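Welcome to a short tour of one protein model. Take a look at the structure below, and then we will walk through some of its features together.

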Amino acid sequence: MAGGFISNETIDAILNTTDIVATVGEYTKLERRGANDWWGCCPFHGEKTASFHVDADKKFYHCFGCHKGGNVVNFIMEMEKLSYPDTLEALAKKAGIPIKYQDGYKPDPNRQKNNEAEQYIELYERTASMFHYFLMETPQGQKALEYVTKRGLTKETLEKFRLGYAPADRKWLHKFLLGKNFSPEFLAKSGLFSQKYPDYSFFSDRLMFPIFNRRGQVVAFGGRVIPPADESQRKYLNSGDLPQFKKRETLFGFSFAKNSIREKKSIIFCEGNMDVIAYHQCGLDYAVATLGTALTEEHIKMISGFVAGGTVYLSFDSDGAGENATWKAIKLCREHDLTVKIIRLKGGKDPAEIMLKFGAENLTAQVKNAILDSDYLLFRLGEKYPVDTPEGKTKAALEYFQYVDSLQSDIQKESCLEQLCQAFNLKPEAVKRDFNNRSQARERANIRQNNNQTEEGTQVKLDAELRGLIAVTADLNQFEVLRTKLTEQDFTNPAARKLYKVLEECFVEKIFTIRDILGRCDDEKLVQLITGSISSGVYQSEKVSVIVQDTVNLIKRNKLDAQRNKLLQRIREYTVVTQEDQNQLNALLAEKLELDKQVQSLGKK
Ligand SMILES: [Zn+2]
């Protein structure tokens, strides 16, 4: 993989300094199960039982569920959706390693200074600091400060979440940022200004909530009108998607909550920024909120490594929209095999109100009393349909079946169907029959659909050639012998050729470790095959030398066979007229004899 012309020396320093266990540990909880073996739930595909392996010695990871694998650079690229050079730069920065470029390469001055996402972050950080200053220190922010104080937020909380106030003067921010040497062109596309009037601030006279990425840097804003406000204004405004900010992949409060989520194996999803802040102030510091979107697959992937085996709490409003969001979130979480409980707030319309009226203990107790999603749904269905009539019962049952579908275990399904029977006084046999008939119809439809789908992507063929080279990768000492016997051209499988090339390069450059080899491999499927084979321990060192010898013999033999076949063809087609012809034929026959001897010396296939 091209390192964006970053020198091998720098890449090596990054790989040497970055602790893969600690880095991966920021995204999923890892447990030690052996001197160098760490296991956790995969942060990429979401699961309940750990099938994600990190080898601290060889410095690579592999998931036995979704087969993703690689070294720490691959991990960050995939996790943070960064390019290869951007990942190297981010890791270098984190480790405090100065970046050296390859000889003769002059990096683009902008790129050297900062990549685009980082420039945005710098802009948003500065803006957040100014907004915070306006809220805390100026008369203009007074009204906003009074509002948050009245809602019970402490000074500590305001500082922790860096709440702010966007001035009413729409032109102020543009002038301020120009003064800080941001170009008008950059500001125009920054998302902070009106598209129509590029010097008009998008947010004005609002209470501002900085939105942080998982590292705690400001990447966007949410703004709330300050009551009593003009009815025509939208109550909440959020930044749109930007290079450094994707709504679907961001959770408000996550950078503050992630350690607690991991420790407590719990998370509270709520609806608004104020809810998150109230929970945190009450010590329930594992609360987060989506940003005006429903809960997405991406959100679940962010958190499932932390809460696997724990509990997801849902704290949405009790209005129609909130009920809808709750229903969707339950199904999504259950499809990822997460346990779900519903917080049904009593005594106030939101967590902030309860905190203000009854205090932190009350809110904590309400979270403790959260009910299981199945109980919640049965209760809701009982309210929604006339369940004392056969028609009402059928409707309620059909809706509940959708929930049962999302459950991942048959035992759970069974016990939830029993609960349904008890709740609405239904006959278990009839319920099971209806449920199964429906599932079967759906399965048939699924099979049809799958049959219509064709295989995607290119396949890496795992043949004897590639298997031999993967074995060598597992026990790199063997390569020194192998390279004296074979060259890249000897391999016919393109994937094997690719791997041989990488092995040879790393060997020559004396960066001959698995993590470097994985880093050089630009074929994701090939990397997955390597990390999978090595993680599963199929290549024990003592066997590798045998596998290597077999591979060498096989390849040589195939090569000789091909030569011999060509020769035979020529001999058969040879017509002898002159003595010269006869001499040449004799030479060909001698050549064949020599090949036969060589084939024999290699032994049987
Ligand atoms: Zn996985």
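Predicted model: local features only at pLDDT ≥ 70, side-chain atom pairs only at ≥ 80, totals over all residues.

Residues are numbered from 1 along each chain as its sequence is written, and side-chain values use heavy atoms, with hydrogens and water left out.

**The sheet around β12**

Helices (H or I, at least four residues) and strands (E, at least two) are DSSP runs, numbered from the N terminus. Two strands pair if DSSP finds at least two bridges between them. Strand β10 (residues 266–270) pairs with β12 in the parallel sense, over five bridges. Strand β13 (residues 339–342) also runs parallel to β12, and four bridges join the two. In that pairing, valine 312 stands opposite valine 340 of β13.

How many strands make up the open sheet, and in what order? There are five, in the order β11-β10-β12-β13-β14, and the pairing is mixed. At the edges stand β11 (287–289) and β14 (371–372); each has a single partner strand, so one side of each is left without a neighbour in the sheet.

**The zinc site**

Which residues hold the zinc ion? Cys42 (SG), His45 (ND1), Cys63 (SG) and Cys66 (SG) coordinate the ion at 2.0 to 2.3 Å. Donors are N, O and S atoms within 2.8 Å of the metal (3.2 Å for Na, K and Ca); water is not among the atoms, so sites may look incomplete. The angles subtended by the four donor atoms are 98 to 118°, which makes the arrangement tetrahedral. Four donors count as tetrahedral if all angles lie between 85 and 135 degrees. Ideal angles at a metal are 109.5 degrees for four tetrahedral donors.

Along the sequence, the donor residues are spaced C-x2-H-x17-C-x2-C. Histidine 45, in the loop between β2 (37–40) and β3 (52–55), and cysteine 63, in strand β4 (residues 60–63), are 18 residues apart, and the pair links distant parts of the chain. Histidine 45 is partly exposed, with a relative accessible area of 25%, whereas cysteine 63 is buried at 0%.

**Two pockets**

On a 1 Å grid over the protein atoms alone, a pocket is an open set of points where a 1.4 Å probe fits, with protein on both sides within 12 Å along at least five of seven lines; lining residues have an atom within 4 Å of a point. Grid points are joined across faces, edges and corners, and a volume is the space filled by probe spheres set on the points.

| Largest | about 1300 Å³ | 45 residues | Met79, Glu80, Lys81, Leu82 and Arg215 |

Helices α3 (72–80), α4 (84–95), α6 (116–137) and α13 (297–307) each supply at least two residues of the largest pocket's lining. In the second largest pocket, α14 gives the largest share of the lining, four residues.

**Some backbone details**

Where is there a cis peptide bond? One joins proline 227 and proline 228, with omega of about -5°, and proline 228 lies in the loop between β8 and β9.

Histidine 67 has a positive phi of about 70° although it is not a glycine. Histidine 67 lies in the loop between β4 and β5 (69–70) and is partly exposed, with a relative accessible area of 41%. Aspartate 337 is another residue other than glycine with a positive phi, near 60°. Aspartate 337 lies in the loop between α14 and β13 and counts as partly exposed, at 23% relative accessibility.

Terms used: Tetrahedral: all angles 85-135°; square planar, octahedral: opposite > 155°, others 65-115°. Buried < 20%, exposed > 50% of the residue type's maximum accessible area, 1.4 Å probe, protein only.
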